[in-house]
Amino acid sequence: AERCRAMPKIALVAPAGDSRLLDGQAQPAAAVDLLLRMISMGQPHNALPLTGAFCAAVAARIDGTLVAEALAARPAEATLRLGHPSGVLEVDATVERGDPWIARAATAFRTARILMSGSVMVSTAPENQR
């Protein structure tokens with residue numbers, strides 16, 4: 001981590017609350033479901049890296065995570081509105097409950113064009129090899 005400023009990925013998560021945007025405008029708690037601040041390349045990010053936003057969307061769908069606990073009053077199927085220093089980013093995720101949980105998709109709603117497309121395969125070692 002000392003040689004790679006992009007790592008580790010650090011996020012601060014809090015339940016919805018009133019906050020102030022970088023431009024000085026007030027952002028009321030009612031406009032967001034969760035407050036999220038991230039460190040990127042050793043500096044506070046001005047908005048939200050999509051990597052962190054997607055992780056928050058997935059975590060919101062997994063029982064017992066800090067994100068899910070911060071969203072206790074939010075319906076599970078609703079789009080997640082993340083409050084960040086520059087405004088609000090809407091995200092969503094499709095997650096299958098199980099052992100292990102499986103994240104099938106994560107979506108960000110911010111422009112009318114495709115920003116990226118891809119797949120990730122995650123493999124875990126069998127219990128006897130941990």
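How many of the 11 residues of H1 are buried? The count is 9 of the 11, so H1 is largely enclosed by the rest of the structure; buried here means under 20% relative accessible area, exposed means over 50%, and partly exposed lies in between, with a 1.4 Å probe and protein chains only. Please keep in mind that this is a predicted model, in which local features need pLDDT of at least 70, side-chain atom pairs count only at pLDDT 80 or more, and totals for chains, interfaces and linings use all residues. Residues are numbered from 1 along each chain as its sequence is written, and side-chain values use heavy atoms, with hydrogens and water left out.

**Overall layout and confidence**

- Along the sequence, the elements follow the pattern β-β-β-β-β-α-α-β-β-β.
- The mean pLDDT of the protein chain is 85, and 86% of its residues reach 70 or more; pLDDT is the predictor's confidence in each residue, from 0 to 100.
- Confidence is lowest in E5, at a mean of 86, and highest in strand E3 (residues 26-27), at 96.
- Where pLDDT is low, the predicted coordinates should not be read in detail.
- Of the 130 residues in the protein chain, 28% are buried.
- The accessible surface of the protein chain is about 8,900 Å², and 55% of this belongs to carbon and sulfur atoms; such areas come from the Shrake-Rupley method with a 1.4 Å probe, and for residues only the protein chains shown count as cover.
- Among contacts with a separation of 6 or more, 51% are between residues 24 or more positions apart; a contact means heavy atoms within 4.5 Å.

- The buried residues of H1 are Leu 50, Gly 52, Ala 53, Phe 54, Ala 56, Ala 57, Val 58, Ala 59 and Ala 60.
- Their cover includes E4, H2, strand E6 (80-84), E7 and E8.
- The largest nonpolar core has 21 residues, of which Leu 48, Leu 82 and Val 91 touch the most other members; such a core is a set of buried Ala, Val, Leu, Ile, Met, Phe, Trp, Tyr and Cys residues joined through side-chain atoms within 4.5 Å.
- At least two residues of this core come from each of E4, H1, E6 and E7, and H1 gives the most, with 8 residues.
- Arg 61 lies in the loop between helix H1 (50-60) and helix H2 (66-70).
- Arg 61 is buried, with a relative accessible area of 17%.
- The side chain of Arg 61 reaches the backbone oxygen of Ala 93 at 3.3 Å, which falls within the 3.5 Å limit for a polar contact (a pair of N or O atoms; within protein, one must be able to donate a hydrogen and the other to accept it, and residues adjacent in sequence count only if both atoms are side-chain atoms).

**Strand pairing around E4**

- E1 and E4 pair in the antiparallel sense over 6 bridges, with Val 13 opposite Leu 36 in E4; two strands pair if DSSP finds at least two bridges between them.
- E4 and E6 pair in the parallel sense over 2 bridges, and Leu 34 stands opposite Leu 82 in E6.
- E4 and E5 run antiparallel and are joined by 2 bridges; Ser 40 has Gln 43 in E5 as its bridge partner.
- Ser 19, in strand E2 (residues 19-20), counts as buried at 15% relative accessibility.
- Leaving out residues up to four places away in sequence, Ser 19 touches Gln 25, Ala 26, Gln 27, Leu 35 and Arg 37.

**Backbone features worth a look**

- Most residues other than glycine have a negative phi, and most peptide bonds are trans.
- E4 and E5 form a hairpin with 2 residues between them, and Met 41 in the turn has a positive phi of about 55°.
- Met 41 counts as partly exposed, at 43% relative accessibility.
- Arg 5, in the segment before strand E1 (10-15), is exposed at 53% relative accessibility.
- Arg 5 and Gly 42 are 37 residues apart in sequence and 6.0 Å apart in space, C-alpha to C-alpha.
- Beyond its neighbours within four places in sequence, Arg 5 is in contact with Met 41, Gly 42 and Gln 43.
- The peptide bond from Asp 99 to Pro 100 is cis, with omega near 10°; Pro 100 sits in the loop between strand E7 (87-96) and strand E8 (102-109).

Conventions:
Helices (H or I, at least four residues) and strands (E, at least two) are DSSP runs, numbered from the N terminus.
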